[in-house]
Amino acid sequence: MNKKGTILLLSGDLDKALAAFIIATGFAALGVEMKMWFMIFGHNCLKKRKSFFARRRKPDPAREGLYRDLATDNILQPMVEMLNRGGAEHLPLSQLNLMGLGPMLFAKMLKKKNIQNLEELIHSADDLGVKFYICQICCDALGLSVDDLIVPNVEIKGVSAYMKDTMDAHVNLVF
Amino acid sequence: MAADRLVDVTGKVCPLPLISLAKEVRTMQKGQMLSIVGDDPIFEESVTDFCRERGYELFDTHREGKKMTIVFQV
């Protein structure tokens with residue numbers, strides 16, 4: 001039987017996302033079938049960075065409407081979207097963030113040591129066949145659109161799919 | 001023994017050697033030989049684990065200073 005594993009990323013911090021993706025790519029390279037789940041702020045690393053003032057498209061019932069309940073959206077969803085911009089290269093650190101200076105120094109350190117940065121790791125993971133899933137209620141509550149992500153083929157699923165995947169897997173990591 | 005493919009991951013660190021190996025192996029046929037060169041401190045262990053995990057046979061390992069070459073059959 002094939003070895004399987006799942007990773008649940010809850011945190012929007014750079015260090016945790018980096019650890020999650022290094023483990024996912026490493027495991028996938030060794031032949032383990034990996035599935036990554038993103039909840040709450042975990043999906044921030046997959047987001048395309050937009051400027052604070054960028055014009056944002058109105059949610060389309062034919063696209064976002066498929067996995068979101070647009071009727072219950074209010075002013076808070078666009079506000080969250082504006083403030084919580086994410087972007088793999090713009091995540092904060094959980095320790096020593098130093099108001100944004102920490103991640104810059106961290107990026108320098110990684111580059112000097114030839115370690116891949118988060119965006120490259122995400123694309124490597126995608127290339128190695130790691131599957132990405134986002135929690136449906138997080139998408140709905142935070143007003144997220146799948147078109148705003150840097151990787152295609154992200155699926156929106158619920159807890160039942162997560163249960164099936166974790167019960168099926170040999171290892172389940174939560175970051 | 002001459003290898004069919006050569007992968008050079010000198011200067012790259014974990015997990016990049018594994019990623020490059022996985023991508024290269026995907027394009028190869030069974031029975032072909034692959035030679036990989038790297039200088040990561042945990043390079044030997046990574047590649048040995050990779051081969052054991054996927055059931056590939058190790059043929060040759062030799063070290064020149066920091067650089068290490070490993071040959072295995074896919």
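Q: How many C-beta neighbours does A:Asn114 have inside 10 Å, and how does that residue count?

A: Good place to begin! A residue is buried if 20 or more other C-beta atoms, placed from the backbone, lie within 10 Å of its own, exposed if 12 or fewer, and partly exposed in between. A:Asn114 has 13 such neighbours, so this residue counts as partly exposed. Before we go on: this is a predicted model, in which local features need pLDDT of at least 70 and side-chain atom pairs count only at pLDDT 80 or more, while totals for chains, interfaces and linings use all residues. Residues are numbered from 1 along each chain as its sequence is written, and chains are lettered from A and ligands numbered from 1 in the order in which they are written.

Q: Where does A:Asn114 lie in chain A?

A: Helices (H or I, at least four residues) and strands (E, at least two) are DSSP runs, numbered from the N terminus. A:Asn114 belongs to the loop that links helix 3 (101-112) and helix 4 of chain A. Its phi is near 65 degrees, a positive value in a residue other than glycine.

Q: What is phi of A:Asn153 near, and is A:Asn153 buried or exposed?

A: A:Asn153 also has a positive phi for a residue other than glycine, near 60 degrees. With 9 C-beta neighbours inside 10 Å, A:Asn153 counts as exposed. Look for this residue in the loop between helix 5 and strand 4 of chain A.

Q: In what order do the strands of the open sheet in chain A stand?

A: Strands of a sheet pair through backbone hydrogen bonds, either parallel or antiparallel. Two strands are said to pair if DSSP finds at least two bridges between them. In chain A, five strands form an open sheet in the order 4-3-2-1-5, and their pairing is parallel. Strand 4 and strand 5 (171-174) stand at the edges with a single partner strand each, so one side of each has no neighbour in the sheet. On average, neighbouring strands of this sheet are turned by 25 degrees against each other, direction ignored.

Q: Which strands pair with strand 3 of chain A?

A: Strand 2 (residues 33-38) of chain A pairs with strand 3 in the parallel sense over four bridges. Strand 4 (residues 154-157) of chain A also pairs with strand 3 in the parallel sense, over four bridges. To follow this in the picture, find A:Lys35 opposite A:Lys131, A:Phe38 with its bridge partner A:Ile134, and A:Phe132 opposite A:Val154.

Q: Why is strand 3 of chain A described as largely enclosed?

A: Four of the five residues of strand 3 (residues 131-135) are buried, so the rest of the structure largely encloses this strand.

Q: Which helices lie across strand 1 of chain A?

A: Axes are lines fitted to C-alpha atoms, for helices over the stretch in contact, and angles run from 0 to 180 degrees between N-to-C directions. Contact between two residues means that their C-beta atoms, placed from the backbone, lie within 7 Å. Helix 1 of chain A lies across strand 1 (4-9), strand 2 and strand 5, and runs at about 165 degrees to strand 1. Helix 6 (residues 159-168) of chain A lies across strands 1, 2, 3, 4 and 5, at about 135 degrees to strand 1.

Q: At what angle do helix 1 and helix 2 of chain B pack?

A: The angle is about 35 degrees, and the axes of helix 1 and helix 2 of chain B are 10 Å apart. B:Pro17, B:Leu18 and B:Leu21 in helix 1 meet B:Phe43, B:Ser46, B:Val47 and B:Phe50 in helix 2. The residues of this contact divide into six nonpolar, one polar and no charged. Here Ala, Val, Leu, Ile, Met, Phe, Trp, Tyr, Cys and Pro count as nonpolar, Asp, Glu, Lys and Arg as charged, and the others, Gly among them, as polar.

Q: Which residues of helix 1 of chain B are buried, and what do they pack against?

A: In helix 1 (residues 16-26) of chain B, the buried residues are B:Leu16, B:Pro17, B:Leu18, B:Ile19, B:Leu21 and B:Ala22. Their partners include helix 1 (14-29) and helix 4 (118-127) of chain A, as well as strand 2 (33-38) of chain B.

Q: How many residues of chain A are in contact with chain B?

A: Twelve residues of chain A are in contact with 13 residues of chain B. Helix 1 of chain A gives the largest share of chain A's side, four residues.
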